[in-house]
Amino acid sequence: MRRRAGLVLLALAVFCAAMAPTLRWYAFPRLAKIPPNQYQETVLEAKPATLLNYSTLRAEKVDKITIIQTLKGNVEESRRIERDAGRDVVVWDALAYITGPDGKMVSKVPERYIFDAHTQDPVHATGESVDGDPVRREGIEFKWPFLTEKRDYQYFDAQTRTSAPIHYKGTRTFRGMEVYYFEQTIPWTRVPMPKTMPVKIPPEVIAESGLSRWYTTKRMFWIEPVTGAPVNGEEIHKEELRNAKALMGRDTITVFEGHVKMREDYVRSVGEMVSSNRLMVLMLVSYLPWSFTFLALLFLALALWLEARSRRPAPEPEAAPVTPPV
């Protein structure tokens with residue numbers, strides 16, 4: 001019986017030892033992925049801010065500017081691209097909708113972001129765009145990879161339509177959560193005019209006058225490293241119109257300037273969502289593999305102990321007492 005129980009324990013030890021690396025190195029890369037139908041809305045505010053008044057063509061101080069950022073998964077496009085790409089693909093139709101203090105639209109910039117559901121690497125396919133212009137992304141945007149590393153990444157800037165390094169600046173604690181802090185500074189760069197604005201300026205007028213739009217920003221992200229999700233984001237942002245004297249009477253006009261931050265209620269809701277997703281990722285990469293490793297060692301120790309006991313020599317029987325003669 002002991003030898004049979006030892007063999008059962010040894011088989012369990014082998015099974016647990018095999019499951020530990022299988023979960024971490026085989027199951028996790030295949031099971032951890034972004035769902036194709038995800039919908040997320042984030043509200044950011046700049047309080048106070050400087051905004052161009054298009055009726056007076058002057059930059060004015062305002063109480064706040066609101067940016068509503070939505071990410072909506074396009075399931076049909078994901079399936080179409082997956083057939084050609086041969087891998088799990090996510091298509092996000094994003095929209096940055098900017099409103100002034102009166103709630104009226106200042107500008108809106110749509111994007112289509114196509115990426116690998118597991119690694120978050122960009123997938124180049126028809127439809128990849130910013131504000132209707134075709135682009136070819138390099139690096140990440142909106143989300144970091146699962147198990148984010150302490151290193152620099154290439155981050156795509158939608159205004160310039162180019163990628164640049166976003167630098168790892170250290171590990172910090174944010175709302176009781178350990179996060180990685182990243183920073184990216186985009187120097188003054190000429191960028192395209194938004195296609196949707198309060199005042200429609202014909203392209204031929206812009207070309208004749210030499211009017212140009214310039215932009216700079218300092219981008220900051222606090223990233224939860226297990227899920228790769230931003231738990232907070234900020235930008236110190238500035239836009240200008242240059243060579244504007246022919247149309248607006250002055251050579252340089254500030255279009256927008258402010259320190260953009262996530263609204264407090266959205267910081268809390270994002271933190272709660274990230275905490276729940278973090279647990280599921282940790283189950284695959286840490287909790288279950290280590291539990292199976294511990295069980296494998298425990299079953300192996302018990303099997304060896306039973307085997308050792310089964311090999312002990314049996315005690316010799318006691319001699320029968322001698323009956324004296326009558």
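Eleven bridges join strand E4 (89-99) to strand E5 (105-116), and the two run antiparallel; strands such as these are DSSP runs of E with at least two residues, while helices are runs of H or I with at least four residues, each numbered from the N terminus. Two strands are said to pair if DSSP finds at least two bridges between them. This is a predicted model, in which local features need pLDDT of at least 70 and side-chain atom pairs count only at pLDDT 80 or more, whereas totals for chains, interfaces and linings use all residues. Residues are numbered from 1 along each chain as its sequence is written, and side-chain values use heavy atoms, with hydrogens and water left out.

Eight of the eleven residues of E4 are buried, where buried means under 20% relative accessible area, exposed means over 50%, and partly exposed lies in between, all with a 1.4 Å probe and protein chains only.

A nonpolar core is a set of buried Ala, Val, Leu, Ile, Met, Phe, Trp, Tyr and Cys residues joined through side-chain atoms within 4.5 Å. The largest such core has 28 residues, and Phe28 and Trp92 are those with the most contacts inside it. Helix H1, E4, E5 and helix H5 each supply at least two residues of this core, and the largest share, nine residues, comes from H5. A second, separate core of 25 residues includes Ile67, Val179, Phe256 and Val270.

Elsewhere, strand E13 (residues 252-262) has two antiparallel pairings to follow. Six bridges join E13 to strand E1 (residues 39-53), with Gly258 in E13 as the bridge partner of Ala49. Strand E12 (residues 229-242) pairs with E13 over nine bridges, and there Leu241 has Ile253 as its bridge partner.

The surface has a nonpolar feature as well. Leu7, Leu10, Val14, Leu300 and Leu304 form a nonpolar patch with about 470 Å² of accessible area together, and helix H1 (2-31) and helix H5 (264-310) each give two or more residues to this patch. Val14 lies in H1, and Val14 counts as exposed because its relative accessibility is 54%.

Key:
Patch = residues over 30% accessible without salt bridge, like charges linked within 9 Å, V, L, I, M, F, W, Y side chains within 5 Å. Areas by Shrake-Rupley, 256 points an atom, 1.4 Å probe, with all protein chains shown as cover. Salt bridge = Lys/Arg side-chain N within 4 Å of Asp/Glu carboxyl O.
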